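I opened the model today and kept notes on what I looked up. The entries follow in the order I made them.

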Amino acid sequence: MAKPAPISIPASDKAAALALTPVSRETEARLDRYVDLLVAWQAKTNLVAPSTLPQLWTRHIADSLQLLDLAPSARRWLDFGSGGGFPGVVLACAMAEHEGASVQLVERIAKKAAFLREALRVTGGAGSVILADIGDYVDSSKAPIDCVTARAVAPLHILLGYAEPLVSRGAKALFLKGQDIESELTEATKYWNIEPILHPSRTGGHGWIVELNRIERR
């Protein structure tokens with residue numbers, strides 16, 4: 001049986017991503033190590049949709065990095081359902097430049113949690129991995145959080161339920177969403193009083209970032 005062809009990430013995609021979301025040389029080096037690790041693991045564990053690999057830097061890394069400008073003073077981050085590490089590991093790579101900063105990555109699937117731990121080890125990212133269901137962790141944790149994030153985890157009305165205790169204690173929520181954002185907002189407002197701020201994704205397409213500073217149950 002022929003071996004699968006090695007996965008190649010175009011240099012042009014990386015250049016385009018870093019033009020959209022510039023980072024320091026140190027963070028770029030950490031992200032390079034992360035990409036190498038993800039590509040190696042992708043051969044045996046489905047961490048991202050295979051069709052998106054040629055645009056890994058723009059579709060996933062720049063998409064994650066853009067959150068930093070929406071919470072420039074945040075140092076304590078919490079990422080729901082980190083999966084393949086977006087945005088959690090990417091944020092941890094950037095936060096490594098800030099003393100005392102940390103990103104908590106919550107993931108319920110053991111295999112993906114193992115990948116996330118290895119990614120933080122290899123990159124030196126500022127973070128930790130929590131193997132737990134999101135709801136269970138939020139209910140039990142009282143750690144202060146500046147910003148909570150999520151990407152491709154759950155519908156917005158479900159995310160709001162997870163995030164509400166954190167936002168009520170002063171956290172900002174930044175949720176990466178796709179083209180169905182209007183229908184998700186319509187559904188969410190059946191259950192929640194919110195004042196969402198919508199930011200179009202820098203990476204194009206139909207992506208949006210939902211910023212929330214207040215969440216109250218109806």
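Before looking at strands, I noted that two of them pair if DSSP finds at least two bridges between them. Helices (H or I, at least four residues) and strands (E, at least two) are DSSP runs, numbered from the N terminus. This is a predicted model, in which local features need pLDDT of at least 70 and side-chain atom pairs count only at pLDDT 80 or more, while totals for chains, interfaces and linings use all residues. Residues are numbered from 1 along each chain as its sequence is written, and side-chain values use heavy atoms, with hydrogens and water left out.

**Entry 1: the strand β4.** I looked up the neighbours of β4. β1 and β4 run parallel and are joined by 4 bridges. F80 has A150 in β4 as its bridge partner. β4 also runs parallel to β5 (residues 172-177), with 5 bridges between them, and V148 stands opposite A173 in β5. From β4 the chain crosses through α7 to β5, and this β-α-β crossover is right-handed (with the strands pointing away from the viewer, the path from the first strand over the helix to the second runs clockwise).

**Entry 2: cover on β4.** Is β4 mostly covered or uncovered? I found it mostly covered, with 5 of its 5 residues buried (buried means under 20% relative accessible area, exposed over 50%, partly exposed in between, with a 1.4 Å probe and protein chains only). In a regular strand the side chains alternate between the two faces of the sheet. On one side of β4, C147, T149 and R151 are buried, and on the other V148 and A150 are buried.

**Entry 3: two backbone details.** Most residues other than glycine have a negative phi, and most peptide bonds are trans. I noted A152, whose phi is positive, near 55°. A152 lies in the loop between β4 (147-151) and α7 (156-168) and is exposed, with a relative accessible area of 77%. I also noted the peptide bond from F86 to P87, which is cis, with omega near 0°. P87 lies in the loop between β1 (76-80) and α4 (88-95).

**Entry 4: α7 against α8.** The axes of α7 and α8 (residues 181-188) come within 8 Å and cross at roughly 55°. Axes are lines fitted to C-alpha atoms, for helices over the stretch in contact, and angles run from 0 to 180 degrees between N-to-C directions. α7 and α8 are therefore oblique to each other (under 35 degrees counts as roughly parallel, over 145 as roughly antiparallel, 65 to 115 as roughly perpendicular and the rest as oblique). L156, H157 and L160 in α7 meet E184, L185, E187 and A188 in α8, where contact means heavy atoms within 4.5 Å.
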